[in-house]
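My notes follow in the order I looked things up.

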Amino acid sequence: MKKQTALLVSRRDRAGFTLLELLIVLAIILVIAAMVVPNLVGQQQKANIMATEATIKSVEKTPVGAWAADHDGAYLKASGAEAWEQMMNPQPYKGRKLPPYMDTLPTDAWGNVLNYEWNGDGHSKKQNAIKPAIWSSGPDGQDNGGEGDDINNWTTFVNSNK
């Protein structure tokens, strides 16, 4: 009987985890985190690029395309902030009052305003262009004219007719 009582008392005193057990669990968690975190960091940048590409394509189809549809197939001749301002506050065309084509400035995944350029018969970014140039300054926020890490609609969607 004394042995059973001593065994019960011994187990009751040792109801928690030992320091060694806690250190082993912590080490396992740290090893798993060291394997997972680098993969997550790279995916965020890729996700931002994909989101910006989608935004550019959406802007190209919706407000820019709607402008052309309302103006007899002609794209807005402008560049930079002037273009976006005209799309947010369009002037009457052929006696028709036009609604705004967009409510806010289009931005990329990093919060930078997208760039726009069309001079009436093309743009300076690509020879024989048939649509306006729209580009993001990319992850670094520096406008390289659509080159470098910039994301644009003349090289990104070259083979895309969607």
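I call a crossing left-handed if the near helix is turned anticlockwise from the far one by less than a right angle, and right-handed if clockwise. Helices (H or I, at least four residues) and strands (E, at least two) are DSSP runs, numbered from the N terminus.

I note that this model is predicted, with local features needing pLDDT of at least 70, side-chain atom pairs pLDDT 80 or more, and totals for chains, interfaces and linings using all residues. Residues are numbered from 1 along each chain as its sequence is written, and side-chain values use heavy atoms, without hydrogens and water.

**Entry: α3 and α4.** I looked up how α3 passes α4, and the crossing is left-handed. The angle between α3 and α4 (residues 80–88) is about 65 degrees, and their axes are 11 Å apart. Axes are lines fitted to C-alpha atoms, for helices over the stretch in contact, and angles run from 0 to 180 degrees between N-to-C directions. So α3 and α4 are roughly perpendicular (65 to 115 degrees; under 35 is roughly parallel, over 145 roughly antiparallel, the rest oblique). Pro63, Val64 and Trp67 of α3 meet Trp84, Gln86 and Met87 of α4, where contact means heavy atoms within 4.5 Å.

**Entry: α2 and α3.** I found α2 (residues 19–61) packed on α3 (residues 63–70) at about 10 degrees, with axes 3 Å apart. That makes α2 roughly parallel to α3. Ser58, Val59, Glu60 and Lys61 of α2 touch Pro63, Val64, Gly65 and Ala66 of α3.

**Entry: strands.** I read the order of the open sheet as β1-β2-β3-β4, with antiparallel pairing. Two strands pair if DSSP finds at least two bridges between them. β3 (residues 133–136) and β4 have two bridges. Trp135 stands opposite Asn152 in β4.
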